[in-house]
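Open the model in your viewer and keep the selection panel at hand. The stops below are given in the order to select them.

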Amino acid sequence: MTSNNPQTREWQALSNDHHLAPFSDFKQLKEKGPRIITSAKGVYLWDSEGNKILDGMAGLWCVAIGYGRDELADAASKQMRELPYYNLFFQTAHPPVLELAKAIADIAPEGMNHVFFTGSGSEGNDTMLRMVRHYWAIKGQPNKKVIISRKNGYHGSTVAGASLGGMTYMHEQGDLPIPGIVHIAQPYWFAEGGDMTPEEFGVWAANQLEEKILEIGVDNVGAFIAEPIQGAGGVIIPPETYWPRIKEILAKYDILFVADEVICGFGRTGEWFGSDFYDLKPDMMTIAKGLTSGYIPMGGLIVRDEVVAVLNEGGDFNHGFTYSGHPVAAAVALENIRIIRDEKIIEHVHAETAPYLQSRLRELNDHPLVGEVRGVGLLGAIELVQDKATRKRYEGKGVGMICRTFCFDNGLIMRAVGDTMIIAPPLVITKAEIDELVTKARKCLDLTLSALQA
Ligand code: PXG
């Protein structure tokens, strides 16, 4: 991005000289220079060039209550003055972490009343992997180690997180996955359903779980982990038959079920958790992102009472982080949950803005580039195709990236996962802002189509 603003160029020089950005081509970023985001309010961002941008991704799926809520800043400031840090390792605790654990137990599905805190979603899933294996060892079944996950799932970027995830481009770097993690097919009908109906494909994809359990042997399987709806993989909404069939399989075999709620949790689907939306009964749920609306890093693992009862018999769990349950993060999370609850943000999403967004987004189905529009709650995906009937893609054109660039240049952040455009705006987005989002999205689809025809 070339800029006439000397301040922008100064920041870009700092980036080039000193910063290594996540999930980036370092060399390419040096050539382009990053866009510098300087402030935010509600659902809008401002960059150092003075551009106002509608953030259709809530940051990175996290800013549930929107930007610029003073209450969270005040909660952090107050806690920093009172007790900025103390650890939870040596039989100590502090009020914010205890009050937060209770607040989470109150909103979590029934019977999930205990929380282990971490600094991120990745650490939450690392914690899960160690806790699952510890659990089975205590129960005298130490061979139940294997975790079954899904291709194209996302569970983080630590060694365990990236291994649990099913992103091949991550596995290719650093010799992943680690042993003891296997992947089954994802329920992505649009890309992989072939000639099956979505309903047939949903059952087929769910059956892969049973086949894998039988192949490995149930005595060797510790858990199945899945996002209720895959986020980073491309907002993949499973066919209606998928979760009911998975539930039957889980009921049949003695393995734990872990719902990764890092994206679906805290209202994204119009329910507190994706597990509520699909009526799942997880043994553990990974959380992060919406827990603090991204204002400060925090993650965790919510654990079912029966699992905790077993862990209680196992002596020390030799695991934890310096920042597990950090008091400032806990104070911010508490205030965030209070706002979501008191302002009835999820009820409003459920009754008003989710149905509105979903119906407005589906208007884009008439666009020649659009092969499918799907979504749930405030999650949406738009599949870009060359041929609607056969779901054929534009091969090798990078259509998604073309569209994403048009969006960015026209004041809208809409992400591209391959040729799938995705959105997950802050939960406080209004109907007028949804109108703006859809109008801009259509304009950028038009610009993309023109670019392809040129
Ligand atoms: N589970 C899920 C379902 C996630 O989406 C994590 C775990 C890991 O959380 P941390 O806090 O360790 O990042 C995530 C994170 C993307 C993108 O490209 C998505 C995430 C992270 C980075 C990029 O959409 N999700």
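Start at the second largest pocket, with a volume of about 850 Å³. A pocket here is an open set of points on a 1 Å grid over the protein atoms alone, with protein on both sides within 12 Å along at least five of seven lines; a cavity is a set where a 1.4 Å probe fits but cannot get out, and lining residues have an atom within 4 Å of a point. Points are joined across faces, edges and corners, and the volume is the space filled by probe spheres set on them.

This is a predicted model, in which local features need pLDDT of at least 70 and side-chain atom pairs count only at pLDDT 80 or more, while totals for chains, interfaces and linings use all residues. Residues are numbered from 1 along each chain as its sequence is written, and side-chain values use heavy atoms, with hydrogens and water left out.

Select Leu-88, Val-115, Phe-116, Phe-317 and His-319: of the 24 residues lining the second largest pocket, these lie nearest its centre. Next colour β4 (112-118), which gives the most to this lining, with four residues. Strands are DSSP runs of E, at least two residues, and helices runs of H or I, at least four, numbered from the N terminus.

Now select Trp-61, Ile-263, Arg-268 and Leu-427, which are among the residues lining the largest cavity. Its volume is about 40 Å³.

Finish with helices α15 (residues 345-362) and α17 (residues 431-453), whose axes come within 10 Å and cross at roughly 20 degrees. Axes are lines fitted to C-alpha atoms over the stretch in contact, with angles from 0 to 180 degrees between N-to-C directions. α15 and α17 are therefore roughly parallel (under 35 degrees).

Methods. Angles under 35 degrees count as roughly parallel, over 145 as roughly antiparallel, 65 to 115 as roughly perpendicular and the rest as oblique.
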